[in-house]
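Here's a quick tour of one protein model, taken a topic at a time. Have a look at the structure first, then read on.

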Amino acid sequence: MNANIHAYSFKAALPVWEKGENKTMNRTVSFCADLPAGTSAKLAAAASCSFVLSVNGEFVAHGPARCAHGFFRVDEYDLTPYLTRPQNRVAVRTVGYNVNAFSYVDQPSFLCAELTDGDTVLAATGVSGFTAYRVDERVVKTQRYSFQRPMAEGYDLAPGAFAFETDPAYAGPAAATEVVPAGTFICRDMPYSDNEVIRPLGVFERGTVTYSDKPRYYDSREISGISGIFKGYLPEELDCASHVEIGRIDYAPASPVSESADVIALPADSYADLDLGRNWSGVYALELEADGDGVLYITFDEVMHHGTLNPFRMGTSNIIRIKAQKGAYRLITAEPYVMRYARLTAGGCGFVVRDLRLYHIAFPATEINARFTGDDPVLKDIYDAAVETFRANCVDIYMDCPSRERAGWLCDSFFTSRVEKVLTGKSAVERAFLQNFLLPASFNFIPEGMLPMCYPSDHNDGVFIPNWAMWYGVELGEYLTRTGDRSLIDDAKARMYALCGYFKPFENEYGLLEKLQSWVFIEWSKSNELVQEVSFGSNMLYAKMLDTFGRLYGDQELLDKAAAIRKAINDLSLTDSGFYCDNANRVDGKLVLSGERTESLQYYAFFCGVATPETHPWLWDTLVHDFGYDRQEKGLFPEIWPANAFIGNYLRLDLLDRFGETDALRDNIRGYFKYMADKTGTLWENVGDYASCNHGFASHVLYWMDHLGLIAHD
């Protein structure tokens, strides 16, 4: 589809990869070029998955911006400030995953890169100036990091490791390359992370370790579910199974210490725990010395439960495994991760770790023109937590979380998009995010007319969330109001009407959607158990989507259809109790209410325009004054199933904001978010810390703070 593509043309570069390996899973290749001091050089680069750019071994950037199948955004970097030596080694260490994931598209590997000085091409892949090296230091056959992301990182280091990235005189064997297919190159059109350096506050406890075999080790779908549909290496194929290696370690109780983390000496078979002060998202870098042959493990997480760091808490292998021969090394990881706490474990020999740090991969602080102006320290802490949550989840797409998934989920994006406008006055990331869904001619694995639930991604198992496609349509309406960008709305028209066409066969005699397929999602609560056969929450959102399309495209038929659905919901779902019932099922051919009522559905009704404070005053007054973060403590309306953070509590606060309940809004903000800000310095996916503790939609509190007059715009 023509989505006003901002095309990019390389001057000379061609897409290349190691010969015969562009479909190998988890292959890493470093493309290196040399530049003399005094050069004014710009690097332009696109890749199938991701790369880490360094100059003389020093981190410069993680990229590129992700895009749709067959389309590749080109990142550009000014390298001039980094060219400080007589000869400078530029390295673009690139990984090609070739697996289906939520965080990257499954496409054959390539890098297309060139170094230029004005109109002069200094080096170009596929032409001259770049030399490719196999990164055998990184283990190819590792387990997946999570169900949603590709492989965990494991390293085998020997003297001379990564010399090809730091030494212009390196004379080791180069990898043979070939020109490979790529696709359409387009401009990034978004800000770049400014990569602040984050260092731990210190070491706060130490302990020793022993080892024992266990009857079983961590196992989850990303480990044992590998198949022709879900790609990865089978457990018996792994050369590095760091989840098993960690499972064999027995950690003795820790002793508290208070030490600097600048230089951390680890005796053999010991561990040290570090605190970064709050959740941070970034690429790890460190220098290490091994006094023999051993393994250094970096495990990490956002929280510690009962003094224990669990790298598998979210179905992840939060493990960087570094096997090293005696010697000194420098390492930069391939991907960003999230943590407040990190544990360094030395196995088999002693290690000295110097300057363990994160390069903060996040939306640049320099692009934020907002600041907190209130005088409430609790609200200031929540503001700071929300800003970091936004930054960590708004790098190149809107992400749900920068940890387990790094995925561009719809619905989440609806909330994050409002925050981008509040903090920056722009919607640059949102435009790229929405555009990604319009670029491919079609999507594999899901029905015609449907949108992926998150993208760029591959859903080989055929799973989709029909409700999330509706949220895309609802977000389009707000996007036009925010930006006035009619061109993107017009580009989306055919795809939006195709979406309407997908839903039409599910409409019953009342015009309501019935027996929706795949993963019908209302929110993370009892609501998600009440989605068949007729989900009134789904139909409320359907009406809002149709109403949005009717206004965007001047379609009275859609407006009338939306009004008819709202009337049918009020006729069928509103119970004598004054609350809406979540769903109805067929009994002897007739729809019969289940009798189940959830807090979240009541918010859906008001959010989607099925109810208003004027049409349903008792229900509105009850929701405002009797519901909220402390309802269960008060024992009010126990028959109404409680909402969770995503998205019921957010709809609640949004309605308080919309209808001018400012006192209740302030109180609810404190009640819902203070404990999160205190514990991790970020805002969470759920009301508890059992899942992601840094979730992009949660930054939406800034939207409400802006309306409360707590944010100034510079």
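The largest pocket has a volume of about 460 Å³, where volume is the space filled by probe spheres set on grid points joined across faces, edges and corners. A pocket here is an open set of points on a 1 Å grid over the protein atoms alone, where a 1.4 Å probe fits, with protein on both sides within 12 Å along at least five of seven lines. Keep in mind that this is a predicted model: local features need pLDDT of at least 70, side-chain atom pairs count only at pLDDT 80 or more, and totals for chains, interfaces and linings use all residues. Residues are numbered from 1 along each chain as its sequence is written, and side-chain values use heavy atoms, leaving out hydrogens and water.

**Pocket lining**
- The largest pocket is lined by 27 residues (each with an atom within 4 Å of a point).
- Nearest its centre lie Gln148, Glu405, Trp409, Trp519 and Trp524.
- Sorted by class, the lining has 13 nonpolar, six polar and eight charged residues; Ala, Val, Leu, Ile, Met, Phe, Trp, Tyr, Cys and Pro count as nonpolar, Asp, Glu, Lys and Arg as charged, and the others, Gly among them, as polar.

**Two helices in contact**
- Glu430, Arg431 and Leu434 in helix H5 meet Tyr472, Glu475, Leu476, Tyr479 and Arg482 in helix H6, with contact meaning heavy atoms within 4.5 Å; helices are DSSP runs (H or I, at least four residues), numbered from the N terminus.
- The residues of this H5 and H6 contact split into four nonpolar, no polar and four charged.
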